[in-house]
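Here are some friendly notes to read alongside the model. They cover helix packing, pockets, cavities and a few backbone details.

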Amino acid sequence: MLQKTLLSLALAAAMPALADVDYQIDLTEPTHHTGQVSITFPETDQPYLDVKMPAWRTGYYRILNLANGVRDFSVETETGAVLNWHKVDKSTWRIELPDQLRDQEIVVNYQIYADLLGRRARHIDDSHAYLDASAVFMYADEYRQQPVSVTLDVQDNWRSVSGMANTDEHRFIADNWDILVDSPIETGINQLYSFAIDGRDYEVVFWGEGNYDAEQTVADLKKLVTTGPEIWQGYPYERYVFMIHATSGAGGATEHRNSTIIQRPRYSYASRDDYLSFMSTASHEFVHTWNVKAYRPAPLVPYDYQQENYTELFWIAEGSTSYFQDHLLLAADIMQADEYFEHLAEDVERYYRKPGTEVMSVAQASFEAWSDQYGDRAQNFSVNIYSEGATISWMLDMALIEATDGEVSYRDVHNQLYQRFNADEIGFTSADVLTILKDLTGQSWQNWWQQHVSSPVAEVPFTEMLQSVGLTLSFASDEQPSPWVGWQGSAAAEGVKLTRVERDSPAWDAGFTPGDVIVAYDDHRAAGGRFEEAISEYQVGDQVQVTYFRRDQLHQATLVIGEEQHQGAKIQPVEKPTAKQQARFLQWLNVPHPNA
């Protein structure tokens, strides 16, 4: 007992006293993308304090080296005594604390340069500031779990919004830095809409002018947020904020624990296709509120912001989210069945245009997510945690429904992940998912996992999966053979510069590679805008003499025109689905078959 008491006393002495960490940022001179940050840390009895800027932010699995925006770093005590410091590494500043000054609060000051709008990390200009704390506010490990406050000094006509609780118009509080870092702030000139549904509060904030219909968007978001029970028992939040940026030159979205940020070009909202694309993104980020934020893979619990967090389960985090996003739009009556079938057909077509499915598994793709896969490698030798992850999720859903006669679907798996794994405390592993699968179905899924998750999946039974739910799959290319080359290019001064060459395509077999500049075909000039049309006029099996530049040297190759496969995909409901097909369709999407 005495040993336990002494140990408890020792641990208590080693821990900092409970006190707030106060953040302030001055945004009153935002024109040149800068803000002045001041952080007050509680006193410590340690000889130094390490303060850090994250190297990446959640939702974007790349090292961004966010410390590169810090300028004019300085430190003093609460009484103004200057403290010495030096950098330990690219993201860590070590502050030296002499004995006589360890009873004082520590004030860190620096300027932050914020022009990373497209990264959804930090952006400051004369109309607004978007602040993801991971790119703006430093932290110290000693105080990471202690209360924080953020005070904004802004221009008179600015409005501040965040998923955090606020104590006044421009001041927010959170229980710890991990909540702050996952609760971005939008402040500036914006439109704000508020509503409450089922006891939960929502806000929708629009920054930027565009061709969006704010009223319609809010009306549909009201419907979307009611769909949580389609998959999960319970909501992980009491308040949620949709932040929407209508921008120029930036696009994308990022999920957070109590909010999401969605960026789109300002004139890409009005058409039906554009609007559904936006709503699919909103639904994707909404699904993330559970999948990734409420529960997530074990290597991401807690987040380590100084280095990569490797996992083989990003395909669940992102791919399953992509799989469910349109399901919720169907349930909310925002997307119609024929529109969903069209999206699904596009996914099928893209899968067949991805040679990387033959060589990389979704588990490997998940682990490699931190490595930027681009160009030919991304298409020809890798798969994507989003698109291919969604395909594997679909396969697992169909397999579960078939194995249990419709008693269990993939929705049940995600509800169990939500019930069993609180991301604030513990993450899940592949073994945990397999345990859930066995608990739900009474059988082992180890072999299925090895064949479809741990190994590449070159053949997906799309036709059979669709037939089981009363749908048919057809390809226009089956009815009318079309010429196929397998390259993509862009106009260049001399002709056409290749940007992608599909593995095992006619262009690949002829030896072409990205960067080649095609200048002539069968003695005709390639420049002038008609090259693609001219190539499409050849017949399958025709030989074309192609002249091109590589490394500024002229070359010639013979291209044999191939036959296009799996193009013009179309998914349609059968006119008279059987009772079993109707049941399977309902078990799959949780809405009735169109011809039921």
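Which residues in helix 9 meet which residues in helix 17?

1. **Before we start.** This is a predicted model, in which local features need pLDDT of at least 70 and side-chain atom pairs count only at pLDDT 80 or more, while totals for chains, interfaces and linings use all residues. Residues are numbered from 1 along each chain as its sequence is written, and side-chain values use heavy atoms, with hydrogens and water left out.

2. **Helix 9 with helix 17.** On the helix 9 side, the contact (heavy atoms within 4.5 Å) involves Trp394, Asp397, Met398, Ile401 and Glu402, which meet Lys580, Arg584, Gln587 and Trp588 in helix 17. By class, these residues are four nonpolar, one polar and four charged. Here Ala, Val, Leu, Ile, Met, Phe, Trp, Tyr, Cys and Pro count as nonpolar, Asp, Glu, Lys and Arg as charged, and the others, Gly among them, as polar. Helices (H or I, at least four residues) and strands (E, at least two) are DSSP runs, numbered from the N terminus.

3. **Geometry of that pair.** Helix 9 (residues 387–403) packs against helix 17 (residues 579–589) at an angle of about 130°, and their axes are 11 Å apart. Helix 9 is therefore oblique to helix 17. Axes are lines fitted to C-alpha atoms, for helices over the stretch in contact, and angles run from 0 to 180 degrees between N-to-C directions. Angles under 35 degrees count as roughly parallel, over 145 as roughly antiparallel, 65 to 115 as roughly perpendicular and the rest as oblique.

4. **Helix 4 with helix 5.** The angle between helix 4 (residues 272–288) and helix 5 is about 120°, with the axes 8 Å apart. These two helices are therefore oblique to each other. Among the residues making the contact are Met279, Phe286 and Val287 of helix 4 and Thr321, Phe324 and Leu328 of helix 5. The contact has seven nonpolar, seven polar and two charged residues.

5. **A cis proline between them.** Val301 and Pro302 are joined by a cis peptide bond, with omega about -10°. Pro302 sits in the loop between helix 4 and helix 5.

6. **The largest pocket.** This pocket (on a 1 Å grid over the protein atoms alone, an open set with protein on both sides within 12 Å along at least five of seven lines; lining residues have an atom within 4 Å of a point) holds about 1300 Å³ of space. Its lining has 47 residues, and Ser322, Asn384, Ile385, Tyr386 and Ser387 lie nearest its centre. Helix 6 gives the most to this lining, with eight residues. The lining divides into 18 nonpolar, 15 polar and 14 charged residues.

7. **The second largest pocket.** Its volume (the space filled by probe spheres set on the points, with grid points joined across faces, edges and corners) is about 680 Å³. Of its 27 lining residues, those closest to the centre are Val485, Trp487, Gln488, Gly489 and Glu532. Strand 23 gives the most to this lining, with five residues.

8. **Cavities.** The largest has a volume of about 50 Å³, and its lining includes Tyr351, Glu388 and His452.

Conventions: 1 Å grid on protein atoms, 1.4 Å probe; cavity = no way out; pocket = protein on both sides within 12 Å on 5 of 7 lines; lining within 4 Å.
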